[in-house]
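Student: I have a structure to study, and I want to understand the words used for it. Can we go through them one by one?

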Amino acid sequence: MKKPLKPAREFISPSDLTFGLSTCKRCLWIKYWYKLSAPLQMPLVGTLSELQEEHFHGADMPTIDASLRPGTVTKWGEFVKSKPLQVNGLDTRWRILGKYDLVSTNTDGTIGVIDCKVSDNERDSGAFYSPQLEAYAYALENPAAGKGRSVASIGLLIWKPGTTIGSDAHSSGFGVYQKYVAVERDLPNFLAVIGDFISVLEGELPEAGAECTTCAYLLARNALDNL
Ligand code: SF4
């Protein structure tokens, strides 16, 4: 596969710093150079996320978690775009572009970023999502236009379905266990991850990974076509 003269997209999605890098890099490379991604089947995810995020519009931050600075959730679901990312002190063609879930305005003038999850996956740790949350923080602190804001906290707000509630057809549902996971700010790790990410994108098409089940399926499927 030849590399085109220009990538089809030059904006790095924060979620690719978690899921994209956790499998092999070949699909990631194709996504950015050819704007082609495997279709995702994630029924209910959009509806559950929307309901969860709406629940926290206008929320008082210390009621979400006592560790959070005094402030209020004032923004949600807005896109943020960064200035060009740098590698070895030089501007690259790549920027961050992503839509955060919740942002607070704190009384001391700082802001807080919260990423909402409805999940029972043990993988949902602060370490796994740190580069994604740092990407939002980076774009808010280094925006493509306007003045940057100082991000005092980043974290995950997890709803884990665990009970059923209600007793009739119109007011029954799932109850959730709520957990806020504070994520330590770690700009050096983010810059290292983004540097690796950009060097993958600027390199040649990576080999397919050995463990991804999608390629194994495609190879087996194509073999059937040749019978
Ligand atoms: S193994 Fe194949 S399907 Fe999986 S990420 Fe790599 S190229 Fe994509």
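Tutor: Keep in mind that this is a predicted model.

Student: Which helices each supply at least two residues of the shell around the ligand?

Tutor: Helix H2 (26-34) and helix H7 (213-225) do. The residues around the ligand are Cys-24, Arg-26, Cys-27, Gly-209, Cys-212, Thr-214 and Cys-215.

Student: Now Glu-134. Why is Glu-134 called buried?

Tutor: Its relative accessible area is 0%. Buried means under 20%. So Glu-134 is buried. Glu-134 is found in helix H5.

Student: What makes the pair of Glu-134 and Arg-185 a polar contact?

Tutor: Their side chains come to 2.9 Å. The cut-off for a pair of N or O atoms is 3.5 Å, and one must be able to donate a hydrogen and the other to accept it. The side chains of Glu-134 and Arg-185 are therefore listed as a polar contact. Leaving aside neighbours within four places in sequence, Glu-134 also contacts other residues, including Ile-154, Leu-187 and Phe-190.

Student: Is Lys-75 buried, partly exposed or exposed, and how do you know?

Tutor: Lys-75 has a relative accessible area of 37%. Buried is under 20% and exposed is over 50%. The value falls in between, so Lys-75 is partly exposed. Lys-75 is found in strand E2 (residues 71-76). Not counting residues up to four places away in sequence, Lys-75 touches Tyr-100, Asp-101, Leu-102 and Val-103.

Student: Which strands stand at the edges of the sheet, and why are they edges?

Tutor: The open sheet has 5 strands, in the order E2-E7-E8-E9-E10, with mixed pairing. E2 and strand E10 (173-183) each have a single partner strand, so one side of each is left without a neighbour in the sheet. The twist averages 30 degrees from one strand to the next.

Student: How do you know that strand E9 (residues 151-165) and E10 pair?

Tutor: Two strands pair with at least two bridges between them. E9 and E10 have 11 bridges, so they pair, in the antiparallel sense. One of the bridges joins Ile-158 to Lys-179 in E10.

Student: Which helix packs on the sheet and touches E7, E8, E9 and E10?

Tutor: Helix H5 (residues 126-141) does, and its direction makes about 130 degrees with that of E9.

Key:
Residues are numbered from 1 along each chain as its sequence is written. This is a predicted model: local features need pLDDT of at least 70, side-chain atom pairs count only at pLDDT 80 or more; totals for chains, interfaces and linings use all residues. Side-chain values use heavy atoms; hydrogens and water are left out. A residue is near a molecule or strand if one of its heavy atoms lies within 4 Å of it. Helices (H or I, at least four residues) and strands (E, at least two) are DSSP runs, numbered from the N terminus. Buried means under 20% relative accessible area, exposed over 50%, partly exposed in between (1.4 Å probe, protein chains only). Contact means heavy atoms within 4.5 Å. Axes are lines fitted to C-alpha atoms, for helices over the stretch in contact, and angles run from 0 to 180 degrees between N-to-C directions.
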